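Here are a few friendly notes to read alongside the structure. Take the points in any order you like, and keep the 3D view open as you go.

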Amino acid sequence: MKDVFITANTIISPLGFDSETNVSAIAKEQSGITLHNNISTSPCYASIIDHKKLDDAFSKIGDPKIYTKLEKMMILSLQNTISQATFSISDKTVLIVATTKGNIDALNSNFEPERAYLPILGNKIKEFFGFKTEPIIISNACVSGILAIAVAKRFLQNDYYDNAFVVGGDIVSEFTLSGFQSFQAISKKPCQPFSKHRTGISIGDAAASVAITTDTSESEAIQIIGDGSCNDANHISGPSRTGEGLYLSIISALKEANIKPESIDYISAHGTATAFNDEMEAIAFNRAKLEKTPLNSLKGYYGHTLGASGLLEAIVGIHSLKNNMLYKSLGMDELGVTMPLNIIENTTKKELKTFIKTASGFGGCNTAVIFKKVKQ
Amino acid sequence: MKKQLKTIAYCRINNNTISINGKSIITKDKDLSFSDFAKQIYKEKQLAYPKFFKMDNLCKLAFLTSEFLFEAAKLDSEIIKHTGIVLSNRASSLDTDRKHQDTINDKDNYFPSPAVFVYTLANIMIGEISIRHQIKGENAFFVSEKFNETLIEHYASSLIINRKSSHILCGWVDVDNNNYDAFMYLVAEKGSYNYSKEIIKNIYTQN
Amino acid sequence: MDALKKELKESIIEQLNLEDFTVEDIADDDTLFGDGLGLDSIDALELIVMLDKDYGIKLTDPNEGKAVFVSVEVLATYISKHRTK
């Protein structure tokens with residue numbers, strides 16, 4: 001099988017409009033989550049990208065009035081990634097778009113409701129950059145972003161494409177917020193993953209993108225060495241009590257990577273900060289013998305950015321490898337799960353080679369992808 | 001490295017007709033709504049799975065299609081457990097998304113329903129099929145303008161070549177307002193029918 | 001009280017899509033979750049919405065829900081004490 005690498009990458013979030021700015025904000029323990037008074041029937045914590053800042057940045061490359069907020073975030077992210085990539089768009093380049101809800105705000109906005117169809121979102125992005133192949137759209141709940149990396153890797157390994165640009169994004173909308181409220185899942189304060197004092201999730205806006213290729217000349221390249229995406233077969237919304245699907249996904253990824261759990265230097269967990277999710281992850285990591293591995297959830301910085309989260313958090317993980325830094329799991333104070341976990345309580349420097357990114361979502365879906373830093 | 005795949009069985013449900021491996025087995029009155037059609041089929045098949053009635057139309061359609069398909073495929077339960085599921089459609093979960101949106105449009109009558117919201121994700125249908133048959137294999141849900149047999153072939157082949165799953169449940173399940181269409185097929189290295197994306201496309205377009 | 005119980009049974013069947021149940025099938029003291037009607041976590045959340053919408057009762061603590069959703073009997077007693085509409 002061919003080696004597949006992630007090269008250029010860009011995060012668009014309230015913490016900044018490129019990956020480096022985002023990672024330096026994380027190093028300073030800054031969070032994008034703030035109190036908002038106008039997004040719901042009552043004040044609510046969320047991580048939201050300012051419209052004006054977004055339009056100012058976007059107006060350098062396009063007309064902000066004809067694109068939705070999500071389209072602008074995704075295009076802005078891809079623009080930067082494409083400009084940094086070592087390959088250009090050919091007829092063997094695939095565009096993969098990952099989103100949970102896409103332009104769902106179009107059901108109740110100035111745009112036509114048809115804009116909510118995901119193929120339209122895919123085409124807007126395709127046309128902006130002149131991609132030559134049909135965009136591939138993945139909408140697999142909250143694993144969409146990280147699953148998109150696995151899909152790109154598999155397509156490149158099997159020669160269906162030469163290289164890929166993957167973009168993931170989701171927005172805070174009244175649609176999703178009201179739904180999570182009906183699930184009594186929204187935290188009354190900024191979310192606190194794995195903490196005993198957590199009371200639920202915060203949600204956030206974000207877009208993230210990466211370039212994926214089999215050909216890199218970087219002296220320190222990030223290789224995707226294994227992946228798995230298995231179902232719990234247990235409940236459509238409740239996380240599995242045994243962590244089954246997540247455990248199976250991790251085992252599948254380790255097997256493909258041909259490494260033992262102790263070779264993993266860092267876990268970028270899903271950590272939504274709901275009681276059942278965090279507990280499920282703790283069980284799965286223990287079953288996979290990863291309980292001693294340093295772990296964080298980045299939801300304290302970004303909130304839960306749905307379909308973007310897995311991709312966004314994988315990018316931060318890549319920068320962790322490159323910078324040899326373990327970033328604090330923001331919001332963590334006292335461990336609030338029944339099994340041991342090694343949560344990163346302070347940002348620390350450490351030699352890192354390999355990390356695993358995991359995510360889980362409604363529908364019982366789970367994904368795990370392992371990344372390795374290779375010197376060449 | 002490419003592998004020659006075979007189709008084990010295929011099932012189509014549209015226009016209130018169910019066909020297996022190209023033969024129509026059940027046809028109901030065309031004027032019947034999808035919900036009524038689905039309910040009749042459930043009763044006739046004596047499925048005894050009360051969760052069915054909690055599902056939205058998209059999941060009901062996916063559930064029924066997979067019931068007929070697995071029945072025809074007669075797979076060993078160990079194989080079913082590790083089957084990969086790769087489904088796709090055009091409208092994602094918009095049919096149910098609109099229902100959720102209706103519950104929040106009026107601020108004086110603002111009661112979003114958790115039982116509706118949970119179905120505002122198209123991949124929930126993969127979850128429902130997985131729960132029913134205890135499938136813990138690979139999952140992916142794709143959205144495309146039309147049924148994209150090439151995309152599904154690429155992904156199903158990748159899963160088989162990368163040794164993630166030996167059998168893949170593939171298909172297209174779309175529900176949008178009053179229109180619905182489902183087509184599912186099981187592929188593996190051994191099976192009764194020749195497989196190519198052209199054959200699959202032909203089967204899909206001719207029915 | 002009997003009218004309220006009947007009304008609750010009808011709403012539970014309707015709201016939770018209990019297709020195979022009729023009002024007569026649900027006894028006042030039947031367990032709603034677990035072995036009884038076999039309701040699950042989404043049904044519990046749906047019942048919380050029903051309490052708010054039909055009776056003006058806001059439950060925000062899921063544990064409170066557990067104590068209230070024991071049976072139709074317990075639920076009816078709770079509603080008659082706390083209802084605002």
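1. How many salt bridges does the rule find across the interface of chain A and chain C? The answer is zero. Please keep in mind from the start that this is a predicted model. Polar contacts do occur between chain A and chain C: two residue pairs are counted, both partners at pLDDT 80 or more. On the side of chain A that touches chain C, the residues divide into two nonpolar, four polar and no charged.

2. To picture this contact, look for six residues from chain A and eight residues from chain C. Between them, chain A and chain C bury about 530 Å², and carbon and sulfur atoms account for 58% of it.

3. Now turn to the inside of chain A. Its domain assignment gives domain 1 (5-213) and domain 2 (220-375). The C-alpha centres of these two domains of chain A lie 20 Å apart. Across the boundary, 63 residues of domain 1 are in contact with 67 residues of domain 2.

4. The size of an interface is often given as the accessible area lost when the parts come together. For domain 1 and domain 2 of chain A, the buried area is about 5000 Å², with 69% of it from carbon and sulfur atoms. Ile26(A), Ile146(A) and Phe194(A) supply 17% of what domain 1 buries against domain 2, more than any other three residues.

5. Several elements give two or more residues to the side of domain 1 that touches domain 2, among them strand S1 (5-12), helix H1 (19-27) and helix H5 (144-157) of chain A. H5(A) gives the most, with nine residues. By type, the residues on this side of domain 1 divide into 29 nonpolar, 26 polar and eight charged.

6. A salt bridge to find by eye joins the side chains of Lys196(A) and Glu334(A), at 3.4 Å from N to O.

7. Is Ser329(A) buried or exposed? Ser329(A) counts as buried because its relative accessible area is 1%, under the 20% cut-off. Its side chain reaches the backbone nitrogen of Ser297(A) at 3.1 Å. Beyond its neighbours within four places in sequence, Ser329(A) is in contact with Leu295(A), Asn296(A), Ser297(A), Ile343(A) and Ile344(A).

8. Finally, Ile125(A) belongs to helix H4 (residues 118-129) of chain A. With a relative accessible area of 0%, Ile125(A) is buried. Setting aside neighbours within four places in sequence, its contacts are Met74(A), Ile75(A), Leu78(A), Leu95(A), Val97(A), Phe131(A) and Val167(A). Ile125(A) and Val167(A) are 42 residues apart along the chain, and their C-alpha atoms are separated by 9.7 Å.

Conventions: Residues are numbered from 1 along each chain as its sequence is written. Chains are lettered from A and ligands numbered from 1 in the order in which they are written. This is a predicted model: local features need pLDDT of at least 70, side-chain atom pairs count only at pLDDT 80 or more; totals for chains, interfaces and linings use all residues. Side-chain values use heavy atoms; hydrogens and water are left out. Buried means under 20% relative accessible area, exposed over 50%, partly exposed in between (1.4 Å probe, protein chains only). A polar contact is a pair of N or O atoms within 3.5 Å; within protein, one must be able to donate a hydrogen and the other to accept it, and residues adjacent in sequence count only if both atoms are side-chain atoms. Contact means heavy atoms within 4.5 Å. Domain bounds come from an automatic or database domain assignment. Buried area is the accessible area (1.4 Å probe) that two parts lose on being put together, summed over both. A salt bridge is a side-chain nitrogen of Lys or Arg within 4 Å of a carboxyl oxygen of Asp or Glu. Helices (H or I, at least four residues) and strands (E, at least two) are DSSP runs, numbered from the N terminus. Ala, Val, Leu, Ile, Met, Phe, Trp, Tyr, Cys and Pro count as nonpolar, Asp, Glu, Lys and Arg as charged, and the others, Gly among them, as polar.
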